[in-house]
Amino acid sequence: ISHEKMERIKSCYNQVHPEMEKYIKDDAGPRTKYEDLDWRLEVVTGTRCLIKQTSPELKLSLRLIHGRSSSVNNMRTSLTHLNKIVRKLELAVQESESAAAKRLSKIF
């Protein structure tokens with residue numbers, strides 16, 4: 001990223017930063033926090049439709065805290081979809097560790 005582009009990004013950020021900060025503090029309400037994640041692998045070893053086949057599925061139970069209350073979110077996914085999610089998360093982590101991302105974090 002050129003110095004000129006970096007300066008434009010910085011000036012745009014500085015213009016909207018106070019309003020964003022006010023919104024986050026005033027209007028966002030209590031933050032949602034992670035409490036617990038339970039998981040279970042279920043494998044169907046055969047049904048009328050799945051003769052001599054297996055169908056692995058992952059069941060996740062995510063517990064979140066919202067202020068003083070908590071909620072449980074139940075999810076089901078196949079291992080194929082879970083692998084895709086993991087790959088996308090790994091790419092996002094790699095991108096956040098890139099040189100350009102580190103420069104931006106140092107500036108702001």
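Which strand is Ser-61 found in? Ser-61 sits in strand 2, residues 55-66; strands here are DSSP runs (E, at least two residues), helices are runs of H or I of at least four, and both are numbered from the N terminus.

Before going on, the basis. This is a predicted model, where local features need pLDDT of at least 70, side-chain atom pairs count only at pLDDT 80 or more, and totals for chains, interfaces and linings use all residues. Residues are numbered from 1 along each chain as its sequence is written, and side-chain values use heavy atoms, with hydrogens and water left out.

The chain has 3 helices and 3 strands, in the order α-β-β-β-α-α from the N terminus. Of its 108 residues, 6% count as buried, meaning under 20% relative accessible area, with exposed over 50% and partly exposed in between (1.4 Å probe, protein chains only).

Back to Ser-61. Ser-61 counts as buried because its relative accessibility is 19%. Leaving out residues up to four places away in sequence, Ser-61 touches Asp-36, Leu-37, Asp-38, Val-72, Asn-73 and Asn-74; a contact means heavy atoms within 4.5 Å. The side chains of Ser-61 and Asn-74 are also joined by a polar contact of 3.3 Å. That term means N or O atoms within 3.5 Å; within protein, one must be able to donate a hydrogen and the other to accept it, and residues adjacent in sequence count only if both atoms are side-chain atoms.

Last, Leu-79. Leu-79 lies in helix 2, residues 79-96. Is Leu-79 buried or partly exposed? Leu-79 is partly exposed, because its relative accessible area is 35%.
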